[in-house]
Amino acid sequence: MKPTPPSRTFDLADVRARLDGLRGQQYWQSLDEIAETPEFKEMLHREFPNGASEWDDGVSRRSFLKMAAASLALAGLTACTKQPVQHILPYVKEPEELVLGEPQLFATAMCRGGYATGVLAKSREGHPIKVDGNPEHPASLGGSSVWMQASILDLYDPDRAKTLLRDGEISTWADFASDFNRILREHEANQGAGLHFLTETIISPTLAAQLDAILKKFPQAKLHSFDSISRDHVREGARLAFGQFVETQHRFEKTSVILSLDSDFLYTHPLALRYAREFANARRVSSGKGEMNRLYVAESTPTITGTMADHRLALGSAEVEMLSRSLAQRFGLGTMDGTSTKSESWLNALARDLEKNRGKSIVIAGEWQPPIVHALCHWLNDKLGNVGNTVFYTEPVELRPTNQLASLRELVSDMQADAVKTLLILGGNPVYAAPADFDFATVLPKVKQSIYLGTELDETAALCAWHVPQAHYLESWGDAKSFDGTISFQQPLIEPLYGGKTPPEILDLIFPQQPVRDDYEIVRSYWETQKRWPDFEKGWRRSVHDGLIADSALAEKKMELKSDAIGEALRSHQVSVTGIEVTFRPDPSIWDGRFANNGWLQECAKPVSKLTWDNAVIISPALAQQQNLAAGDIVELELNGRKVRGPIWLQPGQAEKTVTLHLGYGRERAGRVGRGVGFNANQLRTSDALWSASDLKISKLGEKHPLVATQTHHNLQSPERQIYREGTLNDFKANPQFVKQSIESPKNAETLYDTNEYRYDGYKWAMSIDLNTCLGCNACLLACNAENNIPVVGKDQVARGREMYWIRIDTYYKGSLDNPEFSHMPVPCMHCEHAPCELVCPVEATMHDHEGLNLQVYNRCVGTRFCSNNCPYKVRRFNFLWYADYKTPSFKPMYNPDVTVRWRGVMEKCTYCIQRISRARITAEKENRRISEHEIQTACQQACPTNAIVFGDLNTPNSTVAKLKTHPLDYSMLGELNTRPRTTYLAKLRNPNPEIQSEAKG
Amino acid sequence: MDTIQGSEPRMPDPSKPYPVTVLGYPAEMIGPKETYARVSDQIAGIPLKHPHPKFWLTCFAIAGSLFLMFCVAVGYLLFKGVGIWGINIPIAWGFAITNFVWWIGIGHAGTFISAILLLLHQKWRTTINRLTEAMTLFAVMCAGMFPLLHLGRPWVFFWLLPYPDTMKLWPQFRSPLVWDVFAVSTYFLVSLMFWYLGVMPDLATVRDKAKTKWKKIIYGISCMGWRGSARHWQHHQSAYLLLGGLATPLVLSVHSVVSFDFAVAQLPGWHSTIFPPYFVAGAIYSGFAMVLNLLIPIRRLYRLQNLITTRTLNNMACVTLVTGWMVIYGYIMEAFMAWYSNDPFEKHMMWDRAFGSYGWVFWGLMLLNCVIPQLLWSRRIRTHDLALFFVALSVNVGMWVERFVIVVQSLHHDFVPSSWKMYYPTKWDVITLLGSIGMFLMLLLLFIRYVPMISITESRELIALRREGQL
Amino acid sequence: MTREKTSVTALPEPEIEYEEPALFGLMAEFEEHEQLLAAARRAYAEGYRRMDAYSPFPIDGLAEALGHENSPIPLFTLAGGIVGGLGTYFMEWLAMAKLYPINVGGRPLNSWPNFIPVTFELTILIASISAFLGVFLLNRLPEPHHPVFNVPEFERASNDRFFLCIQADDPKFELSQTRKFLESLAAAKVVEVEQ
């Protein structure tokens, strides 16, 4: 059954020809498939089930977690539910705030790329089991990102750094403290010359204060900060426009037109969760005559934001700059020679649209765009009167803002000059993440006294004299600012599993006092000195309880725009791109590599490509045709002398001449999950081209690498296949019922059965999913994962089509090959009232309850899998092998005790989080009342940043879900099969600019 | 080869090695020189004297080793789980169910020959029904294992049976899988009883012919002291006829029920009303093919041409051809309904079946199942052992492929394109299939070795009829 | 204690009586089944009732000729079928609709169309089993030994010979008479069957 090597790669001209033949509403799918050539089947082999097409069963190769089990039998983690020492209490008398079996919620904060997001962490019997957004926190509003949801797995990761190491030998905190003191005493002599600190973006007031103190004590000491996904260009852009660092904040709910210049403000931006919520609110169509905002996106590779666009241009990074220049020109700034002609008319329409919506628009640029583009955004927003309405400026959020690249360069040159005696690295893994030309790995060993505080035994740890395990944020006390400036507090839910330390604890050693203070005392005492609250104790407790200091967000700030400086900058250098452009982006799942050892993130399909367990050389179909490349071909990329090898992935919507590489993969020293997965794009990334570069050379090596995607067909085949329904805002205004015009489900009366036999007159659970506001960000998927103890199965099993996620996000493409429209569709169990799965189960392992839930009884299931065959939605998941990890000790406290961990040979699927329903029911029954509207949130609903998922009781009059079911856009997927799903969808609406639309037609 | 020459008179037409009717069809149903004593000696002689031990042992060794492979595969399966097979979501059924349907189908020929042809007074069945019934039993044994093995948790298979469960739970009688359990077990038991009733008097013959004490005792016990008294025969005959009558609707029902496993589901390519008749026809089609594949070598080896005459083979070939056309009609109707219903999912399924990723399998199926069997229109093929053997072989393979296409191809492209996947069998899938064939052959060889493989009694009846000039 | 001497006296030999083994009946051997059939008719006409015929294959009308009443097996089967059919449906209804009613895919608790297949199968099964067991019951099988096996020629009853046996306990049985009668039936041979 091995696929024979392809006779020829498919012909994209052929593909194009066929595509032209397709009608407008038609969706198409992964490229070769439409070509319908035999080579397409080859590609199916190559692209998708590759591993599976091999002769052997793969059991042997499967599941690092199994290996984990074996190797971890020794790692006795009996201490993994230790309580924080501050308030440990015997269970002889149950502490009143803790009832066994009842979850406790604690507000704390998670930081990514520096900025904090407030979270609520759920603890059961003293161990954290789930993390969700803190609704009161401005940076979360209750929504979650994949990283928040997955962070719980990081806490229990069996591969975390467990011991303090000195030159690789196990050591103790006391030894470290004394050695560190020795080092410091040396430095006291020379005022700290040669004493260097390397931190990530600093947003912790406590840490900042400590650093200030250190500089006072050691005037010669140097601070450097570096974040591999740095916002330097944003900083420099602001400096260019205003002569100083300022932070730009946006208000999306007020906007009617948004132009994103390569900005992924819905997903990667530090305030993405909030922006997503605001964006969605401005897009949701409530009544028949609703209004929506309109989103224009110009970007090099499809991102979450790009897929939400009403008009999207696939432009290379440099072309985006050209675009912004010529847009500015249209508003009278600078002169543009050689305008990007291909998007001329698009640009005119856009300009008119922006003009029309003065004060109600936003122009936003991505972190990866050069400073000039950011400056232009400032200028345009100013010109369009957005400043003060939709855009405003604040003091920089980060403390001691600096050009991080410059500061890292300074450090490196010092190290080369042997000027660095002592280097204290607080997280960040620079050896892996620093630009290739800095060659951090070779200069770091020149530093004799290097200390590294890191969560895992990574590349940097290996090269440092001291490695101190860093505490997970759920183990630490701390404070941090979120992007809007709100000060957030971290409090531990659990004593550090492996005695990890926090940055403040290390820095605190510099001021020797007896006894050594822990992070709690450090943070607390810092805030005591701040005199922020009249009654400190009260204020402190309140803030820690809330997880934030109420309205501590930064105040709006009037800024003076330096137009002439911008104009000058425009003239001074011209943008140019030659040959093939390469762009570097953080990976949508594992970010810059810090999540590389997180199985959930590795396995969750990337938002658009649906790839798992790999990064790839993402190229456009056109380029593939030109270079005669097919998915899975391993190529060698060369960028001025530096080389890296990776597999090709064809991504519709990718800018034609731009190759995109995702960072974070190819880790050489990570845990057993992340090690050696994918290739390390940092090897091409140099300080002069952090985000994009020209003249990339691609050479085919003739080898193959199996890339595994969870979805290979992005095409709905035929217009009759009305699975994903959509229209434009104008269609909707013209005829609110237009969705219903297409096939509808049979009416309930149309049946031979006695309609009164099952009447759900108690509760009647149902779900409504709004396709219009779904971003496809995977937050729901990972939330479900954490809530329901869903196992990770590994690349090989995914390749065989055995991924276990209960809710999946289907992404469909529509329209042109080079720049399709994207549609995301979350698919959980539909909980059909006429469930086809139940009818065919021979043992009643799946059946209906009186509230309309389609139940799966694990201990009755014998595993015939007939239910899955008969499920039209294919939402059922089967434990083909032992997927659940029963053995790894550190995972045991992670599992949600309310949910069964499934064993081999049983079927499983979405349960509408029945455990949450039961919990609410019990409470309600104790109080002898009905469950009220917002008492139950399914995990996916709770995580959704845009509230696209709504769950509730249809029998509760005017409950949100009940209302949504009567919405004109409501339709049930495959309703024509008379399955009567309880999960229904609100059709997608797009809001295209009539001018551009007509032109596209013409 | 004096047996043939001796039993069959010289031809006026030397091109035909067998006596022919005026129309040129094979005439003989049983050799002219046969007497009661001769058939008794010839047939009972095989279990008693065990001719050609070398050949038998070689075959047994091969079949046995295949069977051992099967045991290994099953052991590994129970140890690891069904994940060792190529199945996935959406293709949750693969080889296991394909094999199940295939084996059940093969089983059908036996009952068809012994029951339906009995009621239709087809005398030519008498010399082959014993063997085919045995084949049925063994095929159903093989079939029966697969639904159990393919379970995620095989050790709790008994939850599919109605029994007083501590949780007071019952099987879900609306599920076709439960119907299967009853249909298959009923089918097995009825076939077993039918077969035993038939074999009992012959065991008595072997007992009376046995020379050694032990053989006498063993065969004596196994025939329960049969004396062939008028009263015995009276009850025996009426029961035999009734079982025949009961088995007839059973044959038709069993594969209909198996087809419900698919027809009751709403999957495009499964959800179709033509399935029951189409499955039954297919079952008899493959069953007859398998019977031919077994009879032809056996009859050669044990020199049974005088009993299993060319006429028998010719008739079997005709039935094969007819059922083959029923199956072809089924194919045509499937395609027609897909087009006529104008259902997008059905249409796509049909398109994908022919031109999709598994298209080559489908066209292979067409060749094996529809094209090659047309050779049977020629009388020369029908009466030529080797040719007939290979045509039958192609039908057997073809019918397996047909089930594969129905199970796998329909599943791999269903309603929601996002979940479309491919299925690739693993080595364990293949070993299990081959192993089950090994088990089947092993049981069959044991049967040939120890039990009279042709009904002596009914052969005697033929002779009696011939003496009365009724043949 | 002291041991007493006891005189041993030999026991008298028991007297064994040798008597003629009881006669089970007379058995006539024929070469063709027509002869057997004719013989049976004649014997019945003669007034013999307690007799049985043995043949290597079933012979139409033989049982009638011997005056055996019709086989009740069809009745057994019918009864079995009815019990099986009704019983099964009842079981399904009880299980699905009464004992443990569960909402399965919104289908009616008593979804009779879905209950038919199993009902049908079990009807056949129980009917067949009753027919099958009927044979053994009515033929009193298994019966490893029977007087007729004492006749060495009887071996051929399962091969190529046909036998008619008139039992000694027939009221009309009289050894010499009956033997004469049987010999008059073109029997190849007439032998006595010992009990």
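Visitor: How many bridges join strand S10 of chain A to strand S11 of chain A?
Guide: In this predicted model, five bridges join strand S10 (residues 257-261) of chain A to strand S11 (residues 294-299) of chain A, and the two strands run parallel.

Visitor: And what stands opposite Val257(A)?
Guide: That is Arg294(A), which lies in S11(A).

Visitor: Which strands make up the open sheet, and in what order?
Guide: Four strands of chain A form the open sheet in the order S12-S11-S10-S13, with parallel pairing, and the edge strands, S12 (311-314) and S13 (361-365) of chain A, each pair on one side only. From one strand to the next, the twist averages 10°.

Visitor: Which helix packs on the sheet?
Guide: Helix H13 (residues 371-383) of chain A does, touching S10 and S13 of chain A, and the direction of H13 makes about 170° with that of S13(A).

Visitor: Changing topic, how many residues of each chain are in contact?
Guide: On chain A there are 70 residues in contact with 66 residues of chain B, and the two chains bury about 5600 Å² between them, with 59% of it on carbon and sulfur atoms. Arg721(A), Asn869(A) and Arg904(A) supply 13% of the area that chain A buries against chain B, more than any other three residues.

Visitor: How many salt bridges are there between the chains?
Guide: The count is three between chain A and chain B, and one salt bridge joins the side chains of Lys421(B) and Glu803(A), at 3.1 Å from N to O.

Visitor: Which helix gives the most to the side of chain A that touches chain B?
Guide: H28(A) does, with four residues; by class, that side of chain A has 31 nonpolar, 18 polar and 21 charged residues.

Terms used
Residues are numbered from 1 along each chain as its sequence is written. Chains are lettered from A and ligands numbered from 1 in the order in which they are written. This is a predicted model: local features need pLDDT of at least 70, side-chain atom pairs count only at pLDDT 80 or more; totals for chains, interfaces and linings use all residues. Side-chain values use heavy atoms; hydrogens and water are left out. Contact means heavy atoms within 4.5 Å. Buried area is the accessible area (1.4 Å probe) that two parts lose on being put together, summed over both. A salt bridge is a side-chain nitrogen of Lys or Arg within 4 Å of a carboxyl oxygen of Asp or Glu. Ala, Val, Leu, Ile, Met, Phe, Trp, Tyr, Cys and Pro count as nonpolar, Asp, Glu, Lys and Arg as charged, and the others, Gly among them, as polar. Two strands pair if DSSP finds at least two bridges between them. Axes are lines fitted to C-alpha atoms, for helices over the stretch in contact, and angles run from 0 to 180 degrees between N-to-C directions.
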